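Please read the following note with the sequence and the model open side by side. The points are numbered so that each may be checked in turn.

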Amino acid sequence: MKNKVAFVTGSGQGIGKAIALRLAKDGFSVAVADFNSQTARQVADEIIQAGGKAVAVTVDVSKRDRVFAAVEEARNALGGFDVIVNNAGVAPTTPIEEISAEIVDKVYDINVKGVIWGIQAAVAAFKAEGHGGKIINACSQAGHVGNPELAVYSSSKFAVRGLTQTAARDLAPAGITVNGYCPGIVKTPMWDEIDRQVSRQAGQPAGYGTAEFAKRITLGRLSEPEDVAACVSFLAGPDSNYMTGQSLLIDGGMVFN
Ligand code: NAD
């Protein structure tokens, strides 16, 4: 895996951070791309201190030109481009009657358009390098089954699953595979916030939302970010070469298809 370059969005914390650290361990040079330049820097430093190669890149994935510029910056800094992980996402709770135009725009700009811009920028970078590559998108179990109080988020993740399927068909002739990963309930700052909001709306103390969702986990425990990173490691490596268009559930057995 030496001399391969992976670009991971939203990798300053949570699942993206675990993915960046895991891909670095796998031998990738990693572009740690995040809205938050401080956390991106910290994760890149952690990789470098462990003997890996990394660069921190500041990016807002909802802005098409910024995504293209960030991918170019990473390609130049790390000397190649092989894998993009479109991981950045937001997940506000949205009871149906409270959905506003602003929240729909915000979630779709980041979760859906951010993935489209990431796909496009990666295709341009693969072409510039003269080879194919791997595109990996953050979906969710909520992209397979509508989740309560998460209508806007769930629908954005259904969109990511659709994009993954179509991009796989469109990009196969260029030697590009496109897959997704679908986590369940992962212990990250995002989930802590969902728990707070769901618990408050139910008039219950913090932790109530997590306990309700956790009843659906067959393996009986919440997910660590590293559980998801292991799945992405497979999707980024050669063992998944004969797979495209799939959105793999890595949710401890919440959804069975
Ligand atoms: P998180 O909120 O803990 O971290 C998200 C990271 O993305 C942060 O570092 C944030 O700064 C960055 N980010 C947010 N908006 C951005 C933007 N516009 N441009 C660039 N970076 C941006 O989230 P997480 O729990 O690690 O989730 C990561 C991905 O996994 C998301 O796509 C999420 O929808 C998905 N997911 C999470 C869970 C879960 O339970 N945590 C479950 C299923 C799917």
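**Note on cavity, pockets, cores and local features**

1. The largest cavity is lined by Thr9, Val61, Asn86, Asn87, Ala88, Ile110, Gly114, Val115 and Gly118. On a 1 Å grid over the protein atoms alone, a cavity is a set of points where a 1.4 Å probe fits but cannot get out, and lining residues have an atom within 4 Å of a point. Helix H4 (101-129) gives the most to this lining, with four residues. By class, the lining has four nonpolar, five polar and no charged residues. Here Ala, Val, Leu, Ile, Met, Phe, Trp, Tyr, Cys and Pro count as nonpolar, Asp, Glu, Lys and Arg as charged, and the others, Gly among them, as polar.

2. This is a predicted model, in which local features need pLDDT of at least 70 and side-chain atom pairs count only at pLDDT 80 or more, while totals for chains, interfaces and linings use all residues. Residues are numbered from 1 along each chain as its sequence is written, and side-chain values use heavy atoms, with hydrogens and water left out.

3. The volume of the largest cavity is about 40 Å³, where a volume is the space filled by probe spheres set on the grid points, which are joined across faces, edges and corners. A search of the whole structure finds one cavity of 30 Å³ or more.

4. The largest pocket has a volume of about 970 Å³. A pocket is an open set of points with protein on both sides within 12 Å along at least five of seven lines. Its lining comprises 42 residues, of which Gln13, Ala88, Gly89, Val90 and Met190 lie nearest the centre. Helix H6 (residues 189-201) supplies the largest share of this lining, six residues. Helices (H or I, at least four residues) and strands (E, at least two) are DSSP runs, numbered from the N terminus. By class, the lining has 23 nonpolar, 14 polar and five charged residues.

5. The second largest pocket holds about 180 Å³ of space. Of its 15 lining residues, Lys4, Asp82, Lys134, Ala236 and Asn241 are the closest to its centre.

6. Which residues touch the most other members of the largest nonpolar core? Of its 34 residues, they are Phe7, Phe81, Ile135 and Leu171. Such a core is a set of buried Ala, Val, Leu, Ile, Met, Phe, Trp, Tyr and Cys residues joined through side-chain atoms within 4.5 Å. Buried means under 20% relative accessible area, exposed over 50%, and partly exposed in between (1.4 Å probe, protein chains only). H4 gives the most to this core, with nine residues.

7. Not counting residues up to four places away in sequence, Phe7 touches Ala31, Ala33, Ala70, Val71, Ala74, Phe81, Val83, Ile84 and Val85; contact means heavy atoms within 4.5 Å.

8. In H6, Trp191, Ile194, Asp195, Gln197, Val198 and Ser199 are buried, and helix H7 (208-214) is included in what covers the buried residues of H6. The 13 residues of H6 should span 18 Å at 1.5 Å a residue, and its end C-alpha atoms are 19 Å apart, which agrees. The expected span is 1.5 Å times one less than the number of residues.

9. Glu149 has a phi near 65°, a positive value in a residue other than glycine. Most residues other than glycine have a negative phi. Glu149 lies in the loop between strand E5 (133-138) and H5, and counts as partly exposed because its relative accessibility is 34%.
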